[in-house]
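Here is a friendly walk through one model, from a single loop residue out to the sheets and the ligand site. Please keep the structure open as you read.

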Amino acid sequence: MAFSFHRSLFIPRLGPCPLPSPGLDREWGCGGASWISDGERILLDDTVRASSDTPLPEEWVSVEKAGPRRRIFFDPAATTCAVVTCGGLCPGINDVIRSIVMHAHYGYGVHRILGLRYGYEALNSRFGHAPVELTPERVAKIQHLGGSVLGTSRGPQPASEMVSQLEAHGVQALFVVGGDGSQRGARDLYEEVARRGGRISVVGIPKTIDNDLLYMDRSFGYLTASSEAFRTIEVAHAEARGARNGIGLVKLMGRDSGFIACAAALASAEANFVLIPEVRFGMDGESGLLRCLERRLRERGHALIVVAEGAGQHLLPQEATRSDRSGNKKHGDIGAYLKAQIEAHFHTSKTDITLKYIDPGYQLRGVVATPEDRTFCLQLARHAVHAAMTGRTGMVVALWHQRYVHLPVHLVAEGIRRVNPEGDLWRCVLESTGQPARMGVSI
Ligand code: F6P
């Protein structure tokens with residue numbers, strides 16, 4: 001079939017392009033995989049409508065659009081909702097709690113909404129955390145507080161015990177606010193409810209500053225954490241510029257994904273080296289970090305390094321693997337390692353440097369959400385309430401291609417999303433910093 005597209009979408013060109021891009025020599029393509037060919041296009045309208053008369057062709061992969069439905073499953077007056085917040089803190093959690101309560105109460109007329117205390121521990125009677133009643137009055141001002149007014153905890157609890165507790169509290173709709181581990185817990189809950197033939201809707205809301213959840217544009221909290229990280233980078237840059245041979249070294253959260261480091265470094269445009277877990281780097285040799293740093297100091301008199309906490313773990317002494325209660329590997333301190341290595345290197349070469357190491361740590365996630373994240377939280381929460389009231393379950397609300405959608409929870413629970421070393425984000429970081437694509441490594 002001939003491929004055609006609307007004439008008004010043609011981009012005029014001044015003529016053919018006979019010259020090679022200079023990026024071909026400078027590794028912009030990171031190995032060639034991310035060059036764009038002229039035939040690549042994005043669907044302008046990615047909305048599709050299926051009906052029993054005109055089902056979608058099977059090869060059209062599509063997800064359900066979020067939003068209010070004309071008919072709902074639960075009788076609001078007889079419905080009890082519950083909210084649980086799990087995992088690490090994240091800006092915007094209280095916005096989500098508030099919006100769920102406001103929307104369920106005023107939008108649907110649900111008058112019994114329980115706040116479950118300290119994550120999934122709330123659903124294990126062994127801990128004895130009694131739920132609290134959430135009313136519009138009680139949550140009216142919580143968006144001005146960082147953290148979670150309900151408290152959180154890491155780690156799963158037995159699904160069978162959790163479902164029994166939900167039943168004991170008379171809950172029909174549970175909202176799980178959490179990252180990948182928490183959504184795996186939500187998946188287990190949903191499966192246990194289904195196994196019992198129960199009628200409890202389990203709806204997830206994606207939360208993590210790391211932005212490492214699969215199949216979504218972003219999770220809430222990420223934008224706020226990145227702008228907080230940006231402020232730290234600006235401060236580190238000022239320190240680096242303020243000294244002869246000044247080096248600013250900033251370590252940012254990002255356990256296994258370097259999204260925060262990339263976003264904040266790009267926003268500041270001052271970072272000279274960005275180190276993320278997804279891209280291996282070495283310290284030694286002509287193309288290693290130390291020599292690159294030497295050159296940078298010689299040419300510009302100062303340098304700024306941004307490192308995500310999960311970067312360069314292969315360089316650190318491999319202690320016995322430790323994990324947190326969610327089963328996440330606990331990383332060694334790459335920031336302290338870099339500081340020690342850089343100082344030792346310049347001491348040996350008798351070069352006087354001033355290194356300022358800044359680790360904002362939990363500062364990125366204990367703050368209140370930015371206006372953009374707040375709006376995002378509100379939208380996610382209201383779509384979650386819409387979905388739950390129709391009896392949908394085993395799902396997560398998400399923003400996908402700038403639209404709110406319903407994703408099956410098992411998709412989100414599949415793993416984590418990471419920065420693609422062949423993709424446009426990383427290419428943009430390489431262009432912005434000017435750092436070599438392969439720093440101190442041969443492959
Ligand atoms: O997952 C979000 C996150 O902030 C990671 O970036 C970080 O490694 C981790 O949580 C730290 O969490 P905690 O110290 O609370 O276990």
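This is a predicted model: local features need pLDDT of at least 70, side-chain atom pairs count only at pLDDT 80 or more; totals for chains, interfaces and linings use all residues.

## A glycine in a loop

Leaving aside its neighbours within four places in sequence, Gly 312 is in contact with Phe 281 and Ile 334, where contact means heavy atoms within 4.5 Å. The loop that holds Gly 312 runs between E9 and helix H8 (334–348). Helices (H or I, at least four residues) and strands (E, at least two) are DSSP runs, numbered from the N terminus. Gly 312 has a relative accessible area of 6% and is therefore buried. Buried means under 20% relative accessible area, exposed over 50%, and partly exposed in between, with a 1.4 Å probe and protein chains only.

Residues are numbered from 1 along each chain as its sequence is written, and side-chain values use heavy atoms, with hydrogens and water left out.

## The ligand site

Which residues surround the ligand? They are Arg 154, Ile 209, Asp 210, Met 253, Gly 254, Arg 255, Glu 309, Tyr 362 and Arg 365, each with a heavy atom within 4 Å of it.

On its own the ligand has 400 Å² of accessible area, and the protein covers 80% of that. Accessible areas come from the Shrake-Rupley method with a 1.4 Å probe, and for residues only the protein chains shown count as cover.

## An open sheet of eight strands

Eight strands make up an open sheet with mixed pairing, in the order E1-E12-E11-E6-E5-E2-E3-E4. Two strands pair if DSSP finds at least two bridges between them. At the edges are strand E1 (64–65) and strand E4 (132–133), each of which pairs on one side only.

Working along the sheet, E5 and strand E6 (residues 201–206) are parallel and share six bridges; Val 177 stands opposite Ile 205 in E6. E6 also pairs in the parallel sense with E11, over two bridges, and here Val 203 faces Met 395 in E11. Strand E11 (residues 395–400) is mostly covered, with five of its six residues buried. E11 then pairs with strand E12 (residues 403–408) in the antiparallel sense over six bridges, where Trp 400 is opposite Arg 403. The hairpin of E11 and E12 has two residues between the strands, and His 401 there takes a positive phi near 55°.

How many of the residues of strand E7 (residues 246–252) are buried? Seven of its seven residues are. Gly 246, Gly 248, Val 250 and Leu 252 lie on one side, with Ile 247, Leu 249 and Lys 251 on the other, and both faces are covered. E7 pairs in the parallel sense with strand E9 (residues 302–308) over seven bridges, and five bridges join E7 to strand E10 (residues 354–358), also parallel. Ile 247 takes part in both pairings: its bridge partner in E9 is Ala 303, and in E10 it stands opposite Leu 355.

## Helices with a covered side

Helix H3 (residues 159–168) has Ala 159, Met 162, Val 163, Gln 165 and Leu 166 as its buried residues. They cover an arc of only 160° around the axis, which puts them on the same side of H3; the arc is that of the directions from the helix axis to the C-beta atoms. An α-helix has 3.6 residues a turn, so residues three or four places apart point the same way. The cover over the buried residues of H3 includes strand E5 (173–178) and helix H4 (180–196). Just after H3, Gly 170 has a positive phi of about 70°.

In helix H7 (residues 289–300) sits Glu 294, which counts as buried at 18% relative accessibility.
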